[in-house]
Amino acid sequence: MLGPVLLAAARSDGIRRLVSAAPVTRPVVDRFVAGEHLDQAARTVRDLTGRGLEVTLDHLGEDVTDPSEALRTRDAYLALAEVLSQGGFGERAEMSVKLSAFGQALPGGHDIALANVRPVVEAAAAAGTTVTLDMEDHTTVDSTLAILAELRGDFPQTGAVVQSYLFRTEEDCRALAGEGSRVRLVKGAYKEPAEVAHQDKREVDRAYVRCLKILMAGQGYPMIGSHDPRMVAITQELAHRFGRKPDEYEFQMLYGIREAEQERLVATGNRMRVYVPYGTDWYGYFMRRLAERPANLAFFLRSLATR
Ligand code: FDA
């Protein structure tokens, strides 16, 4: 019930100021965010990869309204690529980007985002790794998939995200299930209208399973971005049915969520990649995590109450 309210709040500047200033917010944010600075993120990468997990790093930020901010995003990712290159993590540490942080919503934003993200994808390739384009609200999907197609011309390993709550996504999965493609399947984290997206959670789950079947039956590399035990079990059944070995797909979960399950999957021979956000602009990301799960919100409210 509260989910849509929190998702609307995720885009409100007033509420952003209020939540960011609350003294109790920081420790709760720390549960989901690896730190504000690159060296803290690097420490987390070393820790997780040391325990057999893989990572994808997200420099927090989205919806930039000024071309100079978009350049700052590019530069932050170039610094990250440099650290990953020096660490020699190879494909165990990749990067996730939100194109709205690279200027996608500015006038002429499609070309601006492409121009800003291309050097990051080049730097990732030079570091022996790759980039996955996160998916944001439905108005950005066509532009993001077109940028993906451009980038894949030179860097075929560039990854995409598809969201099962959107009606269009089964079709997108078919188009993206070919050889060499890397696709992260998620349920979707934004507030979307009924004209474009399933509103009922059970429908979103059913659509997730249909998309999963398309990707697992295809020739690409599926990345299962979900904490849902049912989706993990169905993935394993489908891997068996379609003869995929454990290194021919991977599970992905968010930093700080179901850590014991992340370790269990690695211990049982699966590839498990943790999505690690870091940086100062954590507000939108944090609010989407609260909206997803009443228990996350309860945790936040409990810390307010016990102060
Ligand atoms: P869902 O919220 O449907 O919950 C299903 C079940 O999973 C629960 O009943 C419970 O059993 C278990 N579970 C879920 N959360 C739990 C928790 N905190 N603790 C214990 N159990 C829990 N979205 C997007 O729109 N664009 C994107 O680019 C991405 N990127 C992305 C990357 C990665 C690696 C992940 C894991 C997720 C995303 N998402 C995303 C977010 C995604 O769309 C979705 O909002 C969340 O993953 C929540 O959906 P789930 O499938 O995890 O479970």
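**The ligand shell and the annotated sites**

Among the 23 residues around the ligand, the nearest are D134, V186, G225, S226 and Q252; a residue is near a molecule or strand when its C-beta atom, placed from the backbone, lies within 6 Å of it. This is a predicted model, in which local features need pLDDT of at least 70 and side-chain atom pairs count only at pLDDT 80 or more, while totals for chains, interfaces and linings use all residues. Residues are numbered from 1 along each chain as its sequence is written. The protein chain has an average pLDDT of 93, and 95% of the residues score at least 70; pLDDT is the predictor's confidence in each residue, on a scale from 0 to 100. For the model, ipTM is 0.98 and pTM is 0.94.

Strands β4, β5 (182-186) and β7 (250-254) each supply at least two residues of the shell around the ligand, and β7 gives the most, with three. Helices (H or I, at least four residues) and strands (E, at least two) are DSSP runs, numbered from the N terminus. By class, the shell has 10 nonpolar, six polar and seven charged residues. Here Ala, Val, Leu, Ile, Met, Phe, Trp, Tyr, Cys and Pro count as nonpolar, Asp, Glu, Lys and Arg as charged, and the others, Gly among them, as polar.

An unreviewed UniProt entry lists M135, Q163, K187, G188, A189, K201, S226 and H227 under "binding site". UniProt positions are given in the numbering used here, feature names are shortened, and annotations may be inferred rather than shown by experiment. Q163 belongs to strand β4 (residues 159-163) and counts as buried because it has 27 C-beta neighbours inside 10 Å. A residue is buried if 20 or more other C-beta atoms lie within 10 Å of its own, exposed if 12 or fewer, and partly exposed in between, with C-beta atoms placed from the backbone. Apart from neighbours within four places in sequence, Q163 is in contact with M135, T169, V186, K187 and G188; contact means that the C-beta atoms of two residues, placed from the backbone, lie within 7 Å.

H227 sits in the loop between β6 (221-225) and α10 (229-241). With 17 other C-beta atoms within 10 Å, H227 is partly exposed. Residues up to four places away in sequence aside, H227 touches M253, I257 and R258. R258 lies in the loop between β7 and α11 (259-267), and its phi is near 50°, a positive value in a residue other than glycine. R258 has 16 other C-beta atoms within 10 Å and is therefore partly exposed.

The unreviewed UniProt annotation "binding site" also covers K98, R288 and R289. R288 is in helix α12 (residues 283-292), and R289 is placed in helix α12 as well. Is each of these arginines buried or partly exposed? R288 is partly exposed, since 18 other C-beta atoms lie within 10 Å, whereas R289, with 24 C-beta neighbours inside 10 Å, counts as buried. Leaving aside neighbours within four places in sequence, R288 is in contact with L7, A10 and A189, and R289 with F32 and N296.

The largest nonpolar core has 83 residues, and V97 and V276 have the most contacts inside it. Such a core is a set of buried Ala, Val, Leu, Ile, Met, Phe, Trp, Tyr and Cys residues joined through C-beta atoms within 7 Å.
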